[in-house]
Amino acid sequence: QLSTAQPSPEERVPSPEEQEWAGPEALCPGWLEDEAPDGEVPGDSGDPECATHAYERLQSALCQEGLPPTLDCSAEPRTGFGPLDVTVCILGCPTAFLPVLLEGGTRCPGAMVLCLSPTWASRVPSETSPGSWSLLLSRGVSFKVGGHSALESFVPPRRANYVTGTLAPGDPEGGWVGELVRDLDCPTGGSVPLAQRLEDALVTRWVLAARAKLPVPPTLAFVLGARGDLPAEPAAPGVRLVRLEDPQGQQSLVQEE
């Protein structure tokens, strides 16, 4: 249904023409400061290029889908978020989770928040789970009905209730994303070790053949070292595992196998 009610001046959303690209400082406020804030992720240099590049990728993806560009509403921080407010945080690559963000914005407007840089989030000791951490978002891109999105800042920082993101091994963003999701007090969509195991073809085939008793393609695998994640028993039908202590001088063994 379409509403004929006109928004009040306080609720009016600025048009794209009224929004100006403020450069890296708009995406990573304080990145020029020498001293890093508390809760900084190890290895984060504060370089704004991370957020700038990801933000540009997001705008390109939205344009390709025929959706409006992201509005910069970060000048007026959002307030009033409490521990019971739903905040689903997506870390890292904006394009991989764009369908999820758009659908989530339709079903629960404002609850889906995309974090494009480690400078947008911090980890603090959990108040409810000793030994765990809470993830707090100081800014993010929230999604609403119709594919509309807005760059927002949160004061005080907004606590994440569910976290997932780009955890694929080898992904350039996997490092800081993996650090942020480690040992959180809220449910997460995975971890770097889990992603590594799921993308390991040998481990996958071993589990399917030995545990699930499912047929797998005939597999001959040469591995270095012990590979403790591959138990000697039970045997995996269709999978032949050859352990090499040293790849040098074992050409004959490889040829024989």
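Biologist: Hello! How many bridges join strand 2 to strand 7 (residues 162-165)?

Modeller: This is a predicted model, where local features need pLDDT of at least 70, side-chain atom pairs count only at pLDDT 80 or more, and totals for chains, interfaces and linings use all residues. Residues are numbered from 1 along each chain as its sequence is written, and side-chain values use heavy atoms, leaving out hydrogens and water. Helices (H or I, at least four residues) and strands (E, at least two) are DSSP runs, numbered from the N terminus, and two strands pair if DSSP finds at least two bridges between them. Strands 2 and 7 run parallel, and the number of bridges joining them is 4.

Biologist: Which residue of strand 3 stands opposite C89?

Modeller: Strand 2 also pairs with strand 3 (residues 112-115), in the parallel sense over 4 bridges. Toward strand 7, the bridge partner of C89 is V163. Toward strand 3, the residue opposite C89 is V113.

Biologist: Are the side chains of strand 2 buried or exposed?

Modeller: Buried means under 20% relative accessible area, exposed over 50%, and partly exposed in between (1.4 Å probe, protein chains only). V88 and I90 lie on one side of strand 2 (residues 88-91), with C89 and L91 on the other. Both faces are covered, and all four of these residues are buried.

Biologist: Now a charged pair: which residue does D185 meet in a salt bridge?

Modeller: A salt bridge here is a side-chain nitrogen of Lys or Arg within 4 Å of a carboxyl oxygen of Asp or Glu. D185 lies in the loop between helix 4 (174-181) and helix 5 (192-198) and the partner in strand 6 (residues 149-159), so the pair ties together parts 26 residues apart in sequence. At 3.1 Å, N to O, the partner is R159.
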